[in-house]
Amino acid sequence: MVNDVTIYIDGKPLLVKAGSNLLKVARQNGFNIPGLCYHHKLTPTGACRLCLVKIEGMRGLVASCTISVQADMKVTAFDQELESTRKFLLDYLLSEQNDDFDFTYNDELRDLMFRYGLDNHENRFFKPLKPSSDFTIDESSPVLTYDPSKCIKCFRCIKACDEVQGKNVLSFNDRGMGSYIVAGVGVWGQSECDGCGECIQLCPTGAIVEKPNRNAIKVNNIEKKVRTTCPYCGVGCQIELLIQDGKIMRSNGVEGVSPNDGRLCIKGRFGYEFVHSSERLTKPLIKRNGKFEEATWDEALTLISTKFNELRDKYGADSLAGYASAKCTNEDNYIFQRFVRTAFGTNNIDYCTRLCHASTVTAMLKSIGDGAGSNSIEDFETTDCLLVTGNNIIETHPITATYVKRGAVKGMKIILIDPKWTPLVKYSTVWLQPKLGTDVALLNGMINVIIQNGLVDQSFIERRVEGGMEAFEELMRLVKPYTPEKVEEITGVPAAKIELAAKLYGESATAMIATGMGLSQQVTGTHNVFSLLNMMLVTGHIGKDRCGIDPPRGQNNVQGATDVGCHPTMYPG
Ligand code: SF4
Ligand code: SF4
Ligand code: FES
């Protein structure tokens, strides 16, 4: 547990967590110390030196972003010497930089320039050191441009790509004044950059900016900002849409909130153009004489209700059905299922889970009483062991995968079960490639290894599993023939790898399972998941912090659609 300590900034006592970052704490408490290379999601760099403070007992001026607070620390955040040093440093930074600001992006450097009165060139000591024409803009990426003449070499983009997104695409080339950011071996568009835009969001100067709407957007003309949920995958990232002239001009990740803490993937950041597509249906159309014609809402609704009533009267209520959407809100889905059940008078209501995780949910409901995932997304970084099966998590749930990659860097063990290569292979401790349709045998083999090696949590089974040790012994008898060698024959996975994977899962203090379509969309889908659940229950890796099973969903409100009753077997609530 981290203790609270008292520190003093400009004489003001503050109760803060021991070890927290001094610059962060100061800003949170209203001390607006400047600083360009610090960002709360990144490790401190100490490059720009603008956040200098004085600390009693320390020599000279120190960069507050590199300091962890200690009890009774006495800090001077603002005095004449500090402010003129900051102004001097900022002046120097500006002399290296092309300050031809065009107001198409948020610019922390520009804000500081105004704050210190350096927008007036007569107040500057340093003359521009290098004309911006000496730099080459990299426009090779389809989604962003990099202008080295605006770059202050703060490292935020490099760390954003590496520490936040786990991609490590960027580095510096050259030295001193001539240094600049490179992606891969030099050309952004030919690098491994996948266009997530984290570097754009964290760049403090507009050196890296979005291409879409590049010349149309003006940050001072933004009419409103709309906080919403990304419409794509099941992560449900929080985004902020910038609206100008009634159009979405930009999508930023919302910092400091779950599940994404500002991160987005290329879909969430750039995939909004469909909203304004001319191909979207915005008015009702009625087919007359084989051709669709525009109609009023009254005409359309009257026609629809008449036809539905005719069908119901002629063939009965069960001749009608409703298909909901996991991309709609809980409110929309609630009303929809209610309409189907009351106005139609039928229980024929369903939605896309039928095509994806129905088999998973069937197994989970029966085995543990709930089809929802056990964990928060942050747990994907902090659990000791993650078993990923039938789930190309880096491509299908890119933001969840950023947590997985960060965990892998810190030593999390990853067991990957997938017949085909996915990008997660390079982060995995062990990769098992079973023949198609042999998952139950593989998992039975892993359970057998767990039992043979004494990795069973007997106390958990006795206390929490129906049937207790008697049920366990039945399972033990069932999996006994599945020796690693026998399972190798069935699955093609080497026995040594089966043993290694089972021990990694069984020996870890905390362990999670992320299961996907590759496991559920098989004729034995439900039994595959039963096998996973058996392994989880014998090791007691459920009902505890950073343990459990998670079926990452395909759309952003699958669980909500089920919860409000868009399912033939579930009523709302
Ligand atoms: S867009 Fe994403 S992947 Fe590409 S360089 Fe920036 S942070 Fe890295
Ligand atoms: S491109 Fe932006 S974030 Fe990257 S080093 Fe330059 S100024 Fe910093
Ligand atoms: S913000 Fe502290 S050195 Fe840049």
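User: At what angle do H16 and H17 pack?

Analyst: This is a predicted model, and in it H16 and helix H17 (residues 495–507) pack at about 115 degrees, with axes 8 Å apart. The two helices are therefore roughly perpendicular to each other.

User: Is the crossing of H16 and H17 left-handed or right-handed?

Analyst: H16 crosses H17 in a right-handed way.

User: OK, and which residues of H16 and H17 meet there?

Analyst: From H16 you have Pro-484, Glu-485, Val-487 and Glu-488, and they meet Ala-495, Ile-498 and Glu-499 of H17. By class, that contact has four nonpolar, no polar and three charged residues.

User: Now H13 and H16. How do their axes cross?

Analyst: Helix H13 (residues 439–452) and helix H16 (residues 484–491) have axes that come within 9 Å and cross at roughly 165 degrees. That angle makes H13 roughly antiparallel to H16, and the crossing is left-handed.

User: Which residues make the contact between H13 and H16?

Analyst: On the H13 side, Ala-441, Leu-442, Gly-445 and Val-449; on the H16 side, Pro-484, Val-487, Ile-490 and Thr-491. Six residues in this contact are nonpolar, two are polar and none is charged.

User: Switching to the ligands. What surrounds ligand 1?

Analyst: Four cysteines are in its shell, Cys-161, Cys-193, Cys-196 and Cys-199. The shell also has Leu-144, Lys-167, Leu-170, Trp-188, Asp-194, Gly-195, Gly-197 and Glu-198. It divides into seven nonpolar, two polar and three charged residues.

User: And which residues come nearest to ligand 2?

Analyst: Cys-151, Ile-152, Cys-154, Cys-157 and Cys-203 come nearest, out of 14 residues around ligand 2. By class, the shell of ligand 2 has eleven nonpolar, one polar and two charged residues.

User: Which residues does the cis peptide bond join?

Analyst: Ser-258 and Pro-259, with omega about 0 degrees. Pro-259 sits in the loop between strand E12 (247–253) and helix H6 (266–270).

User: Last one: how is the chain divided into domains?

Analyst: There's domain 1 (4–78), domain 2 (127–275), domain 3 (281–315) and domain 4 (358–552).

User: What separates the centres of domain 3 and domain 4?

Analyst: 50 Å, with the centres taken over C-alpha atoms.

Notes. Residues are numbered from 1 along each chain as its sequence is written. Chains are lettered from A and ligands numbered from 1 in the order in which they are written. This is a predicted model: local features need pLDDT of at least 70, side-chain atom pairs count only at pLDDT 80 or more; totals for chains, interfaces and linings use all residues. Side-chain values use heavy atoms; hydrogens and water are left out. Axes are lines fitted to C-alpha atoms, for helices over the stretch in contact, and angles run from 0 to 180 degrees between N-to-C directions. Helices (H or I, at least four residues) and strands (E, at least two) are DSSP runs, numbered from the N terminus. Angles under 35 degrees count as roughly parallel, over 145 as roughly antiparallel, 65 to 115 as roughly perpendicular and the rest as oblique. A crossing is left-handed if the near helix is turned anticlockwise from the far one by less than a right angle, and right-handed if clockwise. Contact means heavy atoms within 4.5 Å. Ala, Val, Leu, Ile, Met, Phe, Trp, Tyr, Cys and Pro count as nonpolar, Asp, Glu, Lys and Arg as charged, and the others, Gly among them, as polar. A residue is near a molecule or strand if one of its heavy atoms lies within 4 Å of it. Domain bounds come from an automatic or database domain assignment.
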